[in-house]
Amino acid sequence: MGSADAPTGATARPAAGALVVTIDRLPAWILPAYGSTWVATPALDGLAAGGLVFDRLFATTTVAGATLAAVAGGGGLADVLTRLADGLVVITADDSALPPALAAAGRVTVVPLPRRRRVAASAEETALGCLAAAAATALGSMSRGCVWCHVTSLGRGWDAPEGFRDAFVDPDDPPPPAGAEVPAFAVTAATDPDDMVGIRQLFAGQVSLFDHCLANLLAALPPDWAVLVCGIRGMALGLHGAVGPREVETPDGEIVHLPAILRAPAVADAAQRERGLVIPADLGATLAALLGGPSSLPGKPWLGHDLGSMLAGDAPPPRDRVVVAGPGGGAVVTDAWSMHVARTTESGMPAARRLYAQPDDFFGICDVADRSPQVAEELAALVSAVGEGAADGADEAAAEAWLRPLSPAAREPAA
């Protein structure tokens, strides 16, 4: 799988239960576990130090509900969770965001988002604080089960108290925007750079609040439980021409490169990183196996696979690319490249394809399509084959995008 420093014995001892935290609108790039040096997330850092970080997890769609369904369906995870002694409890602010397989499998508790336009007075009063409190209560009543906490507030309200919001603002910086509204606009040459800095500072404060609430959840965790924390969809914060949620998302790295950290009793070695290409369904399949479910062996590359045997070096990688599709465009990611093709730009004009060298160009800033035209042509053709449909093997064209042999130039970094 192209991984390094992978742990061994990943399926040696089943976990007693699992805490799953899925977060809509959390991108990988803002977290210290993925290289950020200015955002404080001690709970996530501790989780990463005791577990496994997936460096290159990519969603196969820009639609959040489909990605959440992929995690729940990987290895039949939702079904495995319902067979645990205490079953599955799902905590969320929006049950309409849950895929049918997850909503039907568990007991769903809805914690409504607070209706406010101003920031909260304390962490406990925030949407994240209320959700974490409900999840911690559920954890306290279980010994062999699963609490699945699905967070939707990062894209709906930035209500972190002033202490969290101000933590990333230097004394000489202009004040960030007031209020709890999540900004959403196109970035143009006329956009004030100070506005962009302030918005990113506010989002960092919201991420820090999430980490604070996660620490409370981890403190309530029963013994021998696995923990999976993963993003479901990222957030546009100005790197590719937009800020905030959009009705139609383009498949930029801000949106589809997701964080995931797994800690489990069976994952014996701490502070490890999986550097191969991973999709959300892999996370579900791996967690299902850790809980005693069947192992999903490598097969079709768009399916979820239990990564346990691969992490131990006993199986070949399940894929040499990830194919992304959605209403706003498509993408193909390999070990060496990331090709993104948007259907339209923010102005409605046709967008040029963009090719980024990976992993060096982590943020996807320097388009090298004109310098590597053969690779650009090859990968763009794969994106075109998928079209707007699902990026799986449901139809022949999508399967072709996953299975067509790649040239050495498309698989390997440029010299």
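Axes are lines fitted to C-alpha atoms, for helices over the stretch in contact, and angles run from 0 to 180 degrees between N-to-C directions. Helices (H or I, at least four residues) and strands (E, at least two) are DSSP runs, numbered from the N terminus. This is a predicted model, in which local features need pLDDT of at least 70 and side-chain atom pairs count only at pLDDT 80 or more, while totals for chains, interfaces and linings use all residues. Residues are numbered from 1 along each chain as its sequence is written, and side-chain values use heavy atoms, with hydrogens and water left out.

With these conventions in hand, helix α2 (residues 64-73) and helix α9 (residues 280-290) can be described as having axes that come within 6 Å and cross at roughly 25 degrees. The two helices α2 and α9 are therefore roughly parallel to each other, given that angles under 35 degrees count as roughly parallel, over 145 as roughly antiparallel, 65 to 115 as roughly perpendicular and the rest as oblique. Their crossing is right-handed, a crossing being left-handed if the near helix is turned anticlockwise from the far one by less than a right angle, and right-handed if clockwise. On the α2 side the contact (heavy atoms within 4.5 Å) is made by T67, A70 and V71, and on the α9 side by P280, A281 and G284.

Helix α5 (residues 127-140) packs against helix α7 (residues 193-219) at an angle of about 15 degrees, with the axes 9 Å apart, and that makes α5 roughly parallel to α7. The crossing of α5 past α7 is right-handed. Here L128, G129, A132, A135, A136 and L139 in α5 meet Q206, L209, F210, C213 and L217 in α7. By class, this contact of α5 with α7 has 9 nonpolar, 2 polar and no charged residues, where Ala, Val, Leu, Ile, Met, Phe, Trp, Tyr, Cys and Pro count as nonpolar, Asp, Glu, Lys and Arg as charged, and the others, Gly among them, as polar.

Turning to the strands, 4 of them form an open sheet in the order β12-β13-β14-β15, with antiparallel pairing; two strands pair if DSSP finds at least two bridges between them. Because β12 (321-326) and β15 (354-357) stand at the edges with a single partner strand each, one side of each is left without a neighbour in the sheet. From one strand to the next the twist averages 10 degrees. Strand β14 (residues 337-342) pairs with β15 over 4 bridges in the antiparallel sense, and W337 stands opposite A357 in β15. Helix α11 packs on this sheet, touching β12, β13 (329-334), β14 and β15, and the direction of α11 makes about 50 degrees with that of β14.

Helix α11 (residues 373-386) also packs with helix α12 (residues 396-403), at an angle of about 155 degrees and with axes 7 Å apart, and α11 and α12 are therefore roughly antiparallel to each other. The crossing of α11 and α12 is left-handed, and the contact is made by L382, A385 and V386 of α11 and A397, A398, E400 and A401 of α12.

Two backbone details remain. The peptide bond from Q358 to P359 is cis, with omega near 0 degrees, and P359 lies in the loop between β15 and α11. R25, although not a glycine, has a positive phi of about 75 degrees, and R25 is found in the loop between β1 (17-24) and α1 (42-49).
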